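Have the sequence and the 3D view ready.

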Amino acid sequence: MTTEELKDVLSWIKTTDLTEVALEKGPDGFSFSLPDAAPMIPQPDLSSRYAPVVSPGVGLFQWGEPGRAAALEEGAAVKEGQILGRVEQGPKASLPVKAPISGRLAKIFIEEGNPADYGRLLFFIEA
Amino acid sequence: MFKKILVANRGEIAVRVLRACREMGIKSVAVYSEADRESLHVRAADEAVCIGPAPSRESYLNMASVLAAAKITGAEAIHPGYGFLSENEDFAEACAQAGVVFIGPKPDAIRTLGYKSEAKALAKKAHVPIVPGTDGLVRGDVLKEARAIGLPVMIKAAAGGGGKGLRLAKTEDELKTQLLTAQSEAKAAFGDDAVYLERYLGHPRHVEIQIAADGRGNAVAFPERDCTVQRRNQKLIEESPSPALDSKMRREMQEAAVRLARESGYSNVGTVEFLVQDGQFYFIEVNTRLQVEHPVTESVTGLDLVQAQILIASGEKLPFDQARAAEIRAWSMEHRINAEDPEHNFAPCPGKIEALRLPGGPGVRLETHLYAGYTVPSHYDSLLAKLVLFAPTRPEVLARSRRALSEFEIAGIRTTIGFHQKVLAHPDFIGGDFDTHLSEKILETTHDRDAQERHPAAAA
């Protein structure tokens, strides 16, 4: 393999998340690594107009406030601070799930009565 | 028998309990905080539930979250491990109300035995010898009380544990200030400033008796564990049998522990702690849970205490009788390896484990949640691993300890492995003749020697 060909291989590797490559071809072969190549972990887009809503604790998800079930559908308008639902921990304990921003309920990831643990993604709200 | 058990703990003990579940064919649920997402116990369970953020009080100590996790996973019983909610009678009660079995004693027993002054009263009733001290809590003339007991005296928090609210008064002059300090420490740590006085034993050994009872009238005591090697009331090395006991004293202590278990209507496993000095033993407290050092007893007897806990909690009879429980089949020793820096006053050293080599071979049992690449979080206690050795005799155990410690490599953080090696090299420890001051003694001599090496002129 020529130096020119190696350069091609190297520039290809830089487009991947590989940090080490070894090639064996008969008695000849080569290997190299990119010590400073960072794994290509997708970075969260901080400028997203979608705000995640996660579960505040462990329990069963219920729509609306106690005694006032009000299931929302995707596309519904929500206001900042609005109680969307709650996570029921026991007979007397429930944690409210509030909308962090005003906007449109873009995506729903949970159903009535489903279990949620702490930090589980429940909704996306589009600003 | 239970079909599914939730383990309300983390670290090595969660892994230990999850292993017992797997051997018994019981499905398991782990709970974890956000800081423990990468912890081994999460992988060792059939299911795992995130119960909250890193701080313990919002996760492992959050009763509502733990119970909700049991509910959403359909777990029938909760094993609390040690620490966290394991000795919390309110949690045991809340489990009962939620229809979940708490794997441990009944709330009443936790309450009575957990409060030291009540436990002592119960011990008296069961004719178990106690350290001479105030009958109840100190209220009136402290000086008069201290004189009646005989100085020096120890001031102890009624709701205490872990060395908090514990103060020594050597002279009458010291009594008042030490009392105030103990009270304010107790108030800060337990929200309760009640204290009592006890005669101070100058050179005691700490020896404890493991018990198990099924709440149907069967109660047994196991061979003792000697936990004399401590630093600031934190155990570092435990061994069984004790080099300081003969069979007569062992039997007397076992009988005393069983009397106490019966008197308190105890069920499940527990530990009765004693101080031993000059051929006498004195009751100090009961731990109403599985102990960190339980593998020592398992190695000596060949029995499984965690499986016994689960069997008893499910309503079955004790799986062994007194003769079997007391059978000494080996000598055993446990070394607690902590993420602490012995060179800097045992300061905690959390961080990333860069590389790991674990000891193995004959007579070695390792209880740990470590793996290479794991980051030890800073939020919890510093126990990394329990290295448990067993062999037919004490000298063979000591040789095995030295060999296994030399194999044990943890790179990336500081640990107490080197300190354990120093203890194993000390003639008092090798000879078996030592008291609870041994670790201080070793630390002082090491410190002096290091200082001399750094400043040879000053030493001359």
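Let's begin with a side-chain pairing: B:His335 and B:Ser401 are joined by a polar contact of 2.8 Å between their side chains. Do keep in mind as you look around that this is a predicted model.

Where does this histidine sit? B:His335 belongs to strand β14 of chain B, which covers residues 331-338. Is B:His335 buried or exposed? Its relative accessible area is 0%, so B:His335 counts as buried, the cut-off for that label being under 20%. To see what surrounds the histidine, leave aside residues up to four places away in sequence: B:His335 then touches B:Leu236, B:Ile237, B:Ala385, B:Lys386, B:Leu387, B:Leu389, B:Ser401, B:Leu405, B:His420 and B:Leu424.

Now turn to a pair of helices in chain B. Helix α4 (residues 89-98) and helix α5 (residues 107-114) have axes that come within 8 Å and cross at roughly 175°. Angles over 145 degrees count as roughly antiparallel, and α4(B) and α5(B) are therefore roughly antiparallel to each other. On the α4(B) side the contact is made by B:Glu89, B:Ala92 and B:Glu93, and on the α5(B) side by B:Pro107, B:Ile110 and B:Arg111. Sorted by class, this contact has three nonpolar and three charged residues, with no polar ones.

Finally, step back to the whole chain. The domain assignment divides chain B into domain 1 (4-103), domain 2 (132-199) and domain 3 (205-447). Between the C-alpha centres of domain 1 and domain 2 of chain B lie 36 Å.

How values were computed. Residues numbered from 1 in each chain as written. Chains lettered and ligands numbered in written order. Predicted model: local features only at pLDDT ≥ 70, side-chain atom pairs only at ≥ 80, totals over all residues. Heavy atoms only, no water. Domains from an automatic or database assignment. Axes fitted to C-alpha atoms, helices over the stretch in contact; angles between N-to-C directions. Helix = DSSP H or I, 4+ residues; strand = E, 2+ residues; numbered from the N terminus. Parallel < 35°, antiparallel > 145°, perpendicular 65-115°, else oblique. Contact = heavy atoms within 4.5 Å. Nonpolar A, V, L, I, M, F, W, Y, C, P; charged D, E, K, R; others polar. Buried < 20%, exposed > 50% of the residue type's maximum accessible area, 1.4 Å probe, protein only. Polar contact = N/O pair within 3.5 Å; in protein donor to acceptor, adjacent residues only side chain to side chain.
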